[in-house]
Amino acid sequence: MTKPILRAKRPAVPTEKALALFASAPDAALLHEEITAAVFGVPVATLQKARSLGDEDFPPFVKIGARVRYRAGTIRAHLAALEERGVT
């Protein structure tokens, strides 16, 4: 009988802290999906599903091995584009 693989789950980032991290991040910074989800006001699962479906209402991501990251500058540009389109 094999033992199940236990993976450490990263604790949720409080929304206020996530938004502060985003606001202070340089454009080149790579942010966790938890921070990106907080910026968009959606659960991480929604961000993951949108990513798998290629939903253009969310910014492009960077994949580093198995990790997914979002550039702060790309998020800012994406939010500005959504605002211009009247989506937000």
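1. Burial. The protein chain has 88 residues, and 28% of them count as buried. Please keep in mind throughout that this is a predicted model.

2. Secondary structure. The protein chain contains four helices and three strands. Read from the N terminus, the order is α-β-α-α-β-β-α.

3. Contacts along the sequence. Among contacts in the protein chain with a separation of 6 or more, 46% are between residues 24 or more positions apart.

4. Charged pairs. Side chains of opposite charge can pair when their charged atoms come close.

5. Asp27 and Arg76. These two residues form a salt bridge, with 2.7 Å between the closest N and O atoms. Asp27 sits in the loop between helix H1 (15-24) and strand S1 (30-31), while Arg76 belongs to helix H4 (residues 72-85), so the pair ties together parts that are 49 residues apart in sequence. Asp27 is partly exposed, at a relative accessible area of 48%. Arg76 is also partly exposed, and its relative accessible area is 26%.

6. Glu33 and Arg51. Here the closest N and O atoms of the salt bridge are 3.0 Å apart. Which elements does this pair tie together? Glu33 is in helix H2 (residues 33-40) and Arg51 in helix H3 (residues 44-53), so the bridge joins parts 18 residues apart in sequence. Is Glu33 buried or exposed? Its relative accessibility is 12%; buried means under 20%, so Glu33 counts as buried.

7. Arg85 and Asp57. The side chains of this pair meet in a salt bridge at 3.3 Å, N to O. Arg85 lies in helix H4 and Asp57 in the loop between H3 and strand S2 (62-64); the two are 28 residues apart, and the pair links distant parts of the chain. Arg85 has a relative accessible area of 52%; the cut-off for exposed is over 50%, so Arg85 counts as exposed. Asp57, at 32% relative accessibility, is partly exposed.

8. Helix H4 in these pairs. Helix H4 holds Arg76, the partner of Asp27, and Arg85, the partner of Asp57.

How values were computed. Residues numbered from 1 in each chain as written. Predicted model: local features only at pLDDT ≥ 70, side-chain atom pairs only at ≥ 80, totals over all residues. Heavy atoms only, no water. Buried < 20%, exposed > 50% of the residue type's maximum accessible area, 1.4 Å probe, protein only. Contact = heavy atoms within 4.5 Å. Salt bridge = Lys/Arg side-chain N within 4 Å of Asp/Glu carboxyl O.
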